[in-house]
Amino acid sequence: MQPVPAAEAWNLPRIESPGELASWFGLQPGDLRWFADVRGLLQKQTRMALSHYHYRALAKDSASIRLIEAPKQRLKEMQRGILVEILEKIPVHPAAHGFVKGLSIKTFVTPHSGRRIILRMDLQDYFPSISGARIQSFFRILGYPEAVADLLGGICTNATPRDAWQQVPSHIDRIRLHEYQTLYARPHLPQGAPTSPALANLCTYRVDCRLTSLAKSVGAHYSRYADDLAFSSNDATFERSVERFSIHVAAILMEEGFRVHHRKTRIMRQGVRQYIAGLVANRHPNVIRADYDRLKAILNNCLRFGLESQNRDAHPNFRAHLEGRVAFVTSINPGKGARLKSILQQL
């Protein structure tokens with residue numbers, strides 16, 4: 001594969017061989033191969049102490065699982081080096097708002113506020129759907145030799161061993177669990193690695209290009225926040241054809257190796273609450289009223305009964321947790337945030 005012409009302007013570090021890559025990381029070549037594990041030998045190990053990752057399975061509902069794969073310290077440092085020295089120098093598509101400096105969930109929702117109709121779609125199993133082979137190919141088009149690209153791809157991806165699923169909640173359907181085990185057993189982007197968000201954005205560049213062009217062809221606007229896709233328009237033609245349009249979107253995503261979570265697809269007109277990525281978008285980006293009221297009630301109860309009386313999820317630093325939630329509300333709606341902050345300051 002040939003490097004893309006634009007890569008010449010990105011000032012990426014030149015690494016011509018596996019030996020140079022090992023020196024770049026400050027490792028011996030054998031240690032580099034062990035961390036990259038291109039041959040998948042660590043997946044066959046039964047001792048989790050030899051794994052490069054810590055695993056935690058979270059049940060999103062009765063049929064869905066999110067596996068957090070957090071790299072151990074040395075591998076995390078290597079991944080951060082790749083992130084800072086390589087990935088952050090490559091521009092993402094303007095439609096991407098998630099994990100991009102200077103952009104946020106508010107900038108994602110703002111272009112869709114006050115629109116006549118909004119189509120919301122969701123990518124299913126976004127990170128594990130991006131394969132190790134795709135990541136290796138990405139590093140090749142940056143200009144790295146095949147041997148170097150394969151090692152870089154191995155450092156940024158993971159094949160989950162079967163023993164990582166021992167702590168899955170018992171109510172999860174066994175057939176669905178087997179599907180997840182098969183999906184995660186292949187090399188993929190681990191959710192929890194520092195490099196995964198940036199690589200996911202960069203590997204979705206072609207998707208963003210195609211969906212932006214498709215949206216423009218029908219007078220709509222498109223933006224993406226991680227696995228959340230949003231299309232909106234004031235055009236009556238788009239409103240009449242929005243269901244057929246969603247089928248075209250799903251077809252493009254399938255061609256690009258992604259799947260739509262069809263149960264989460266929503267067509268929202270102005271007469272209903274237009275809800276995108278946890279925010280209301282009808283007139284302007286705003287927090288959901290019920291979420292605001294719940295947080296306000298928690299803060300008031302903390303004043304009356306003490307902080308720990310409301311720490312039902314056993315957060316190690318509950319005050320910092322509340323400060324984070326109040327800061328989020330402030331970033332979306334400064335007025336509501338100021339009211340919450342005044343209560344928080346009394347604690």
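The legends below describe close-up views of a predicted model. Local features are reported where pLDDT is at least 70 and side-chain atom pairs where pLDDT is 80 or more, whereas totals for chains, interfaces and linings use all residues. Residues are numbered from 1 along each chain as its sequence is written, and side-chain values use heavy atoms, with hydrogens and water left out.

View 1. Helix H9 spans residues 196-203, helices here being DSSP runs of H or I with at least four residues and strands being runs of E with at least two, both numbered from the N terminus. Eight of the eight residues of H9 are buried, so the helix is largely enclosed by the rest of the structure; buried means under 20% relative accessible area, exposed over 50%, and partly exposed in between, with a 1.4 Å probe and protein chains only. The cover over these residues includes helices H3 (73-85), H6 (132-141) and H10 (205-217), together with strand S4 (221-225).

**View 2. Leu 87 in the largest nonpolar core.** A nonpolar core is a set of buried Ala, Val, Leu, Ile, Met, Phe, Trp, Tyr and Cys residues joined through side-chain atoms within 4.5 Å. The largest one has 73 residues, and Leu 87, Phe 139, Tyr 144, Leu 211 and Phe 231 touch the most other members. Apart from it lies another core, of 23 residues, among them Leu 279, Ala 281, Cys 302 and Leu 322. Residues up to four places away in sequence aside, Leu 87 is in contact (heavy atoms within 4.5 Å) with Ile 82, Phe 138, Phe 139, Thr 195, Ala 198, Leu 199 and Leu 202.

View 3. His 52 sits in the loop between helix H2 (29-36) and strand S1 (53-61) and is buried at 7% relative accessibility. The C-alpha atoms of His 52 and Lys 72 are 5.6 Å apart in space, although the two residues are 20 residues apart in sequence. A polar atom of the His 52 side chain lies 3.0 Å from the backbone oxygen of Trp 34.

**View 4. Salt bridges between separate parts of the chain.** With a salt bridge taken as a side-chain nitrogen of Lys or Arg within 4 Å of a carboxyl oxygen of Asp or Glu, the count comes to 16. Glu 239 and Arg 116 meet at 2.6 Å, N to O, and this pair links helix H11 (residues 236-240) to the loop between helix H4 (105-109) and strand S3 (117-122), 123 residues apart. Glu 239 is buried, with a relative accessible area of 15%, whereas Arg 116 is partly exposed at 35%. In a further salt bridge, the closest N and O atoms of Asp 125 and Arg 259 are 2.9 Å apart. Arg 206, Arg 210, Glu 255 and Glu 256 are linked in a network of salt bridges.

**View 5. Cysteines without a disulfide.** A disulfide is a pair of cysteine sulfur atoms within 2.5 Å, and a search of the whole structure finds zero. The sulfur of Cys 156 is 10.0 Å from its closest cysteine sulfur, that of Cys 203, which is too far for a bond. The sulfur of Cys 209 likewise has Cys 203 as the site of its closest cysteine sulfur, at 13 Å, again too far for a bond. Cys 156 is buried, with a relative accessible area of 0%, while Cys 209 is partly exposed at 30%.

Terms used
Polar contact = N/O pair within 3.5 Å; in protein donor to acceptor, adjacent residues only side chain to side chain.
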